Amino acid sequence: MALEISQASVEFPAANGRPPVEALRRVDLTIEPGDFTVALGASGCGKSTLLNLIAGFLAPSSGDIRLDGAAVEGPSADRSVVFQKHALLPWLNVIDNVAFGLKLQGTPKEQRYEVAEKFIGLLGLAGFEKSPVYSLSGGMQQRVGIARALTCDPKLLLMDEPLGALDALTRERAQELILRIWKDTGKSVFFITHSVEEALFMGTRLIVMSPRPGRIAHTFDLPFSQRFCDGEPARQIKASSDFVSLREEVLAIIFADEEEE
Amino acid sequence: MTDHISTKAPAWRQTVGGWMAQFSRSRPTRPGETYGVPGQGETVVLSLATIAAFIFVWWLVTALGLVKPLFVPSPQAILSKFVDILTAGFTGTPLWEHAGISAARVFGAFLLACAIGVPLGLAMGMSPLVRGIFDPPIEFYRPIPPLAYLPLMIIWFGIGEVSKVLLIFLSVFAPVALGAKAGVRSAAIEQIHAAYSFGASRWQVLRYVILPSALPEILTAMRIGIGFGWTTLVAAEMVAATKGIGYMVLTASQFLQTATVIMGIIVIAAIAYAFDLLMRFIERRVVPWKGRM
């Protein structure tokens, strides 16, 4: 399976006296099975627009998006989204939130609890099945959000700054957790972040986007997540000289974009 | 050497300032409380004390003979009137029957208004077509006092139960429908998008995301709506009623039976308040997550 975006452009029409905005111009992107694609860029560069295109929330003005050769026409369970703000349902407890996607697909209760239980364990939430989600900490809520997306068994997991609201320590743990799950489940991931370090550490491929018009300016292939999965400690990777030099290179690109404003 | 200028305010200003300071900044909280939550603190004791003080002053004023019983009967008189009507009845009908009939009218109208208003409000929130059709009539009649269209009700629907219940229904219907309509907006767009990205249909999004998240607003609207229902009760029972608390109050007022009027008012308030407590209890049980996410 592969997701193929070819020559996709998005133009938001003029509104309230504001001229039309070219949010994305002729984007080409292919996400192969097992890819961990990270999108990075200054605000307004179209990262979220790109995610909305892939998720099917937004139709491109021109160009097309295909998943396994079939055109993407709206959201579907083969592309589950994890949001920046977890977007959990507070009237459901942890296990019902995690099993929510399966419920929508009509899976019987016992079966969906069985699957949910597996992902609850995988994300270290065991023992909290019956807890109301509003009583959990931010980090745990985000993990429930990730577990919920995984239970749908999507071909592609879309993550829109899922760790943005977490504190530094929780964030690093969550990064490692997501990488382990990615390795274990073999899912493809499309991941948006503001953090250069997070982007470099997690991705197998990095797309750096530039604003006005939103476009993919640079693409890098990254070795670091593979090295982590091969057993190298995260801190050691992040301190290694090739990591640091690439971080500076990417930072320079992003700062150049910010200064153009 | 210059004169020493006192930085201290005069004593009276310090006292007043100290008293005023509670309005500008509160003291640190005790462990277990949250600093700066508006209006936090227990109120039960204060409320009970207020009621006790009110009844005491009422009793005092009547006991000292400051006001004629025709204007303000004493609390004891109200109580004995209550017992009297409870046992002997008013115009041949016992009090519980008056109360029961009024409650049946209000709750009947309330249930009907919820059964129609909630789905219609949700539909108005979900569909521009439905909203476009129903918004003008509801917004048009909503601010009209029920007494103004009471004559129309009588002309169109006669003087039977229909016009009474319909009058109450109309006063409950608008707040319930508009509350449900507004409630549709309480689901976060991320919650809706999440459901769609897990393969939900439009119907499932309505059933499993929008409806539950609208529930707090719907319950609040129902509480407001039943309040309007009780305020319309007396108007409804002006229409050729022979039973009901509203009828009792109206008739008693015509014969200057002030004690019965006040007793009727208290009975209406008591029933309405008891129902509101029930609704609050339901709210805590059904939407414990309200305001917490």
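Because the model is predicted, local features are reported at pLDDT of at least 70 and side-chain atom pairs at pLDDT 80 or more, whereas totals for chains, interfaces and linings use all residues. Residues are numbered from 1 along each chain as its sequence is written, and chains are lettered from A and ligands numbered from 1 in the order in which they are written.

Chain A is divided into domain 1 (3-78 + 156-260) and domain 2 (85-153), with bounds that come from an automatic or database domain assignment. Taken over C-alpha atoms, the centres of these two domains of chain A lie 25 Å apart. Their contact involves 12 residues of domain 1 and 13 residues of domain 2, two residues being in contact if their C-beta atoms, placed from the backbone, lie within 7 Å. On the domain 1 side, helix α6 (residues 168-185) of chain A is the main contributor, giving 6 residues. Helices (H or I, at least four residues) and strands (E, at least two) are DSSP runs, numbered from the N terminus. That side of domain 1 comprises 10 nonpolar, 2 polar and no charged residues. Here Ala, Val, Leu, Ile, Met, Phe, Trp, Tyr, Cys and Pro count as nonpolar, Asp, Glu, Lys and Arg as charged, and the others, Gly among them, as polar.

Turning to the strands of chain A, one open sheet has 4 strands in the order β2-β1-β4-β5, with antiparallel pairing; two strands pair if DSSP finds at least two bridges between them. The edges are held by β2 (21-31) and β5 (70-71) of chain A, each with a single partner strand, so one side of each has no neighbour in the sheet. Strand β1 (residues 3-12) of chain A is joined to β2(A) by 7 bridges in the antiparallel sense, and Ile5(A) stands opposite Leu29(A) of β2(A).

Strand β3 (residues 36-41) of chain A has 6 of its 6 residues buried, so it is largely enclosed by the rest of the structure. A residue is buried if 20 or more other C-beta atoms lie within 10 Å of its own, exposed if 12 or fewer, and partly exposed in between, with C-beta atoms placed from the backbone. Phe36(A), Val38(A) and Leu40(A) point one way from β3(A), while Thr37(A), Ala39(A) and Gly41(A) point the other way. In a regular strand the side chains alternate between the two faces of the sheet. β3(A) runs parallel to strand β8 (residues 188-193) of chain A over 5 bridges, with Thr37(A) opposite Phe190(A). Another 5 bridges link β3(A) in parallel to strand β9 (residues 205-210) of chain A, where Ile207(A) is the bridge partner of Ala39(A).

The largest nonpolar core has 130 residues, and Val172(B) and Val176(B) touch the most other members. Such a core is a set of buried Ala, Val, Leu, Ile, Met, Phe, Trp, Tyr and Cys residues joined through C-beta atoms within 7 Å. Helix α9 (residues 202-236) of chain B supplies the largest share, 15 residues. Beyond four places in sequence, the contacts of Val172(B) include Phe110(B) and Ile226(B).

Pro132(A), in the loop between α4 (109-122) and α5 (138-151) of chain A, is in contact with Asn93(A) and Trp289(B), leaving aside neighbours within four places in sequence. Pro132(A) is partly exposed, with 17 other C-beta atoms within 10 Å.
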